[in-house]
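Here are some notes to read alongside the structure. They go through one chain and then the other.

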Amino acid sequence: MTDYIFKRILLFFPTLLIITMITFVICRMAPGDPTEMRIGATGEAMKTGAKNQITQATKEYYKKKFGLDKPIWQQYFIWLGNIAQGDFGNSFKDDRPVINKILERIPVSLTISLLSFLLIYSIAIPVGIYSAARQYSYGDRATTVFLFILYSLPNFWVATLAIFFLCSPEFWNIFPTGGLTSLDYETYSFWGQLWDRIHHLILPVLITSLASFAFLSRQMRSSMLEVIRQDYIRTARAKGLNEKTVIMKHALRNSLIPIITIFGGLLPAMVGGSLIVETIFTIPGMGQLFYQGILDRDYPLIMAELLLVAVLTVVGVLIVDIIYSIVDPRITFSKKAA
Amino acid sequence: MKKFGLFFIIIVSLTVLITIAGGRKKKPIIQSNVTKMLTPLQEPDLSGATVGDWVIKQEMSDAEKLNPVVTNDATADEIISYYLFEKLLEQDRITYELYPQLAKNMPTLSEDHLTYTFELKDNVKFSDGTPLTGEDIIFTFKAIKNPFTDAQALRNYFTDLDRVELVDGDKYKVKFTFKQPYFRAIYAIGDIKIVPKKILDIENINDRLSWEMLNEANETLDPAKYPEMKKFADFLNQEDVSRNPKYVVGSGPYKLEKWVTGQQISVVRNNDYWNKDEGKVYPEKIIWRTISDQNAAIAAAKNKETDLMYVIRPIDFVENVKNPEQFGLKKALVLEPVYSYIGWNNNSPLFNDPKVRMAMSYAVDRNMIIDKIFYGMGIPIQSHIFYKSQYVDSTLPVIPFDLEKSKELLAEAGWKDTDGDGILDKVINGQKVDFKFTFTNNNNPTRKQTALVIIDALKQIGIQADIQDYEWSVFLDKVKKHDFDAAIMAWQLSVGPEDPYQIWHSSQADGEGSNHISYKNQRSDELIELNRITFDDSVRKEILNEWQEIIYKDQPYTFLWTPTGRYLYSDRFKNTRWYSYPNSPLMKEWWSSRDLARYK
């Protein structure tokens, strides 16, 4: 096992190298000019006169400063060298170290994702089990229909409606319209602050979770159904065990395997954040940062985020493989003597 | 940031489009007589004014840097310019004339127009208590002139600045010397926000940097030769210097309190403000709160979570906030120095003839578009100069919507439908060319609607036009590289005398200059150059008038309209004055009576 993990970790490096090489080139080949975006023509109206007389010299200055005057392969190796020393570079947009911008936002995205995963798992798995155990019952059908409706509602639409109906004095004014805390947050007591944070998180967490409920519970349902049809379940039932023990003790463990596979993809998603929810609720999270980075052609930021996601994906896959062998002893990664 | 909520915008704009394209005669909600709709500028209302209540303004995006030397973004510029820092001269929000702020009087200008001598007020203090002197002014300009600082945007204005020095060692008298005369130099100097030397130059590095060294360094750009210059620049470029209240210290009426990235920036009233008696300011705190989604922003305003917002979409302003009083809100409409235009690529064989461009201008139904797409909130214009400026040539008539006239002009220019396929054609360089072109758009829904209306009118006179959307940075790239036929764009203007050089001079037409449409006219160039070295205002008026007439005749742009700024604000405030100025409202003037105050 340790051998296997060690080998896998060694494999990380060539994998990441190839990923970064490809993304680096794609990034540079996309149209749009970071120096232009830096100079400030980011709005709908370009400026004239006293405020923004942009000369060619300005562009040249930034090109040189950003190292864009060198050929792409050189830029890549410079970037790689810096990464090896732990330097992710400074944002083209505001010269802040990219690492600071990311570290500032990870806790936000992580909080929302973690809460939302807790919510999804704690609802979707029981619902999936219930549906499988009572296949084709009215309860199964009702939850199926309901979850599919949830699944097909687009995030931005639900979020916009939620703001319209739940955050406005015209209808119900139950939740704040956005942000992470109230403006006078600091004046609150400890419990007041805690509640304020929760209050601000309810809608974003709920809306982030909506579509995943259906997905995950359907996954759970089908994998459970598959397991239930196995011989050993029939044996268990034939032995006269009650249905609850059969499902919860014998079937559940095996039916979790596909769910674990899904879990592997969660790691990058957790820090990746959600652009739409973050934008609508003004949550300074990773999704927003990444999207804005792309619009600004902020290469160091884009590369840092992509690297982060790549690393997490690779790590996620490894973790999944390890959990597999724990959940299902039949799966093993070390060579056995025949 | 405006591209967020894109889907919703598209849905809304599609609905609007269908209504327009369907040709249903829907009565416009507001008539195009925009001058009647504009919010008048009230007299100051200070009776019973009390200090206290906070103002919270919604912003689309967070600021980037709050150090005025290195900043270059709009949100930061507002906070820096009107609340945290001060300048030698300020521009009057109504007359657009310069008046002294940190300076005692207007500077004296030498006869050769090369030196400006300022006398400073001797009672000015930074918010930490240190007096502001000529040393700070010299330091600020040295920091800008230092080629290794991120002050590149500002440095452009001072390529001709030779030196700034004290006169006879007097700490309250500074002299600026330029290498060449330029009429806007005084605006450029006057506009610089002064930062404290004591806080930003702890090691006194700048005392050792002479102006000769700075000028030389600007030519060689070699950091190895000037290690101290580079060291100081590295310090100034740091993140902390632009964000930490310890470093963001100005002489303005407010102090930076807190900056929560992506959420809010708050400033508090400086109780030891040096200019307390004259520059009265009322809110105890002003907060810029980021809400990037327009629907959420409007809900927040209705919810009393914010007190002031700029409404981006005309439809939201009219339809989404029908009864503002229900939420304790008011609406304000002001003309701000911005205008939209269609740029015709003068290099294109289709548009290199002024007659054709004039014909296109006749095919644009400005009034209808303003009524239908902007709900009447815009004013048709004819010139590059801001509508409210004293330099605008108001005798230029608005070109009416007249397709017959348009056809006539096209025929005069040689465009006829010779093959009977319904599309005009002409033989250019021995080849028959059809009149077909594409509008390049930057995903902006109102501009797209505008283009579609124009395309429809052009079809009636035998011209086939299409539209193609691009993401903003790609759009910008295409425009800068002159890779387009026509595009609807906008310019933000400066108030006061305009220098058209950047946009209209033929030297800016090649490469990536701002003369994107490659307009070239010798007389126009001469006038633009003359304007730059003219210091007499009445002469300038004549020059700019003649120049505007040339542009009018040539129609390199079809000038469209100046849209109105659309604001929503809380009705509890008094003295809310609406200026035709960039960043129209000045929140530090606002106050509310004790009983109405929300924050006490």
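How many helices and how many strands are there in chain A? Keep in mind while looking that this is a predicted model.

1. The make-up of chain A comes first. Chain A has 14 helices and one strand. Its C-alpha trace spans about 85 × 65 × 40 Å along the principal axes. Of the 338 residues in this chain, 46% count as buried. If you take the contacts in chain A with a separation of 6 or more, 71% of them come from residues 24 or more positions apart.

2. Now for a helix pair in chain A. Helix H13 of chain A covers residues 286-295, and helix H14 of chain A covers residues 299-327. They pack at an angle of about 135°, and their axes are 9 Å apart. Because of that angle, H13(A) counts as oblique to H14(A). As for handedness, H13(A) passes H14(A) in a left-handed crossing.

3. Who touches whom in that pair? On the H13(A) side you'll find Met286(A), Leu289(A), Phe290(A), Gly293(A) and Ile294(A). They meet Leu301(A), Ile302(A), Glu305(A), Leu306(A) and Leu308(A) in H14(A). Sorted by type, the residues of this contact between H13(A) and H14(A) come out as eight nonpolar, one polar and one charged.

4. Chain B has a helix pair to look at as well. Helix H13 (residues 366-373) of chain B and helix H15 (residues 445-460) of chain B have axes that come within 11 Å and cross at roughly 140°. That angle is why H13(B) is called oblique to H15(B). H13(B) passes H15(B) in a right-handed crossing.

5. Which residues make the contact between H13(B) and H15(B)? H13(B) brings Met368(B), Ile369(B) and Ile373(B), while H15(B) brings Thr446(B), Gln449(B), Thr450(B), Val453(B) and Ile454(B). The residues of this contact of H13(B) with H15(B) divide into five nonpolar, three polar and no charged.

6. Next, have a look at strand E19 of chain B, residues 486-492.

7. Strand E13 (residues 338-344) of chain B is joined to E19(B) by seven bridges, and the two run antiparallel. To find your place there, look for Tyr339(B), which stands opposite Trp491(B) in E19(B). Strand E17 (residues 436-441) of chain B is joined to E19(B) by two bridges, and this pair runs parallel. Here Thr440(B) stands opposite Ala487(B). In general, strands of a sheet pair through backbone hydrogen bonds, in either a parallel or an antiparallel way.

8. Last up is an open sheet in chain B. Its four strands come in the order E4-E5-E7-E6, and the pairing is antiparallel. Strand E4 (108-109) and strand E6 (161-167) of chain B are the edge strands, each pairing on one side only. E4(B) pairs with strand E5 (residues 115-119) of chain B over two bridges in the antiparallel sense, and Leu109(B) has Tyr116(B) in E5(B) as its bridge partner. Helix H4 (residues 134-145) of chain B packs on this sheet, touching E6 and strand E7 (170-178) of chain B. The direction of H4(B) makes about 165° with that of E6(B).

Technical notes: Residues are numbered from 1 along each chain as its sequence is written. Chains are lettered from A and ligands numbered from 1 in the order in which they are written. This is a predicted model: local features need pLDDT of at least 70, side-chain atom pairs count only at pLDDT 80 or more; totals for chains, interfaces and linings use all residues. Side-chain values use heavy atoms; hydrogens and water are left out. Axes are lines fitted to C-alpha atoms, for helices over the stretch in contact, and angles run from 0 to 180 degrees between N-to-C directions. Angles under 35 degrees count as roughly parallel, over 145 as roughly antiparallel, 65 to 115 as roughly perpendicular and the rest as oblique. A crossing is left-handed if the near helix is turned anticlockwise from the far one by less than a right angle, and right-handed if clockwise. Contact means heavy atoms within 4.5 Å. Ala, Val, Leu, Ile, Met, Phe, Trp, Tyr, Cys and Pro count as nonpolar, Asp, Glu, Lys and Arg as charged, and the others, Gly among them, as polar. Buried means under 20% relative accessible area, exposed over 50%, partly exposed in between (1.4 Å probe, protein chains only). Two strands pair if DSSP finds at least two bridges between them.
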